[in-house]
Amino acid sequence: MKILFILSFLLIVACNKDNNILDPKVMTKISSSIVYKDLMNKLDSLRNINQLAEIENIEYINDLCYYHSLYMLQMGKISHDNFEEDRLSVIKDSTRVHFAFENVGFYRGTENPAEKIFADWMKDSDIKSQLIKNWDKMGMSVVTDSLGNYYTTQIFITLP
């Protein structure tokens, strides 16, 4: 009977909504694709407010962003490591590029990751000013690990 009580108690504690959401034992992750769509919607809204057109999203640039987001996840930190040598070089091999910008982001937690990431971008005046430039094309990726850490990479380009 004592064991049944202890198991019941542990189940109630584990299901309690007041648990710390950053505790890996109780954390659930939100799909990266949902966070991606939310970030794209927020970016489109920001651009619309600033009377700019939506940016054309290019699949191979998305792929480059995806691999960089995975790299950051493996490293456990955000970075622009090898942007010009790797990602920008590949883009320049298939597209004439006048200017490029890379934006990376990170959020730990399950409560509104897209909202938190976007809010961080808006707090940084340099990033915010880049997000509302008249870019021609872009790519973006969001990846998450089993603990709910989200890594994002965006690449924006203008054509000559």
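Two strands pair if DSSP finds at least two bridges between them. Helices (H or I, at least four residues) and strands (E, at least two) are DSSP runs, numbered from the N terminus. This is a predicted model: local features need pLDDT of at least 70, side-chain atom pairs need pLDDT 80 or more, and totals for chains, interfaces and linings use all residues. Residues are numbered from 1 along each chain as its sequence is written, and side-chain values use heavy atoms, without hydrogens and water.

**View 1. Strand β2 against strand β4.** F99 has T158 in β4 as its bridge partner. The strands β2 and β4 (residues 149–158) run antiparallel, joined by 10 bridges.

**View 2. The open sheet.** Its 4 strands follow the order β1-β3-β4-β2, with mixed pairing. The edges are β1 (56–57) and β2 (99–108); each has a single partner strand, so one side of each lacks a neighbour in the sheet.

**View 3. Helices on the sheet.** Helix α4 packs on the sheet and touches β2 and β4 (contact: heavy atoms within 4.5 Å). The direction of α4 makes about 120° with that of β2. Helix α5 (residues 113–123) also touches β2 and β4, at about 130° to the direction of β2. Axes are lines fitted to C-alpha atoms, for helices over the stretch in contact; angles run from 0 to 180 degrees between N-to-C directions.

**View 4. Helix α3 with helix α4.** The axes of α3 (residues 59–75) and α4 (residues 83–94) come within 10 Å and cross at roughly 165°. That makes the two roughly antiparallel (angles over 145 degrees). Y60, I61, L64 and H68 in α3 meet R87, V90, I91 and S94 in α4.

Note on methods. Angles under 35 degrees count as roughly parallel, over 145 as roughly antiparallel, 65 to 115 as roughly perpendicular and the rest as oblique.
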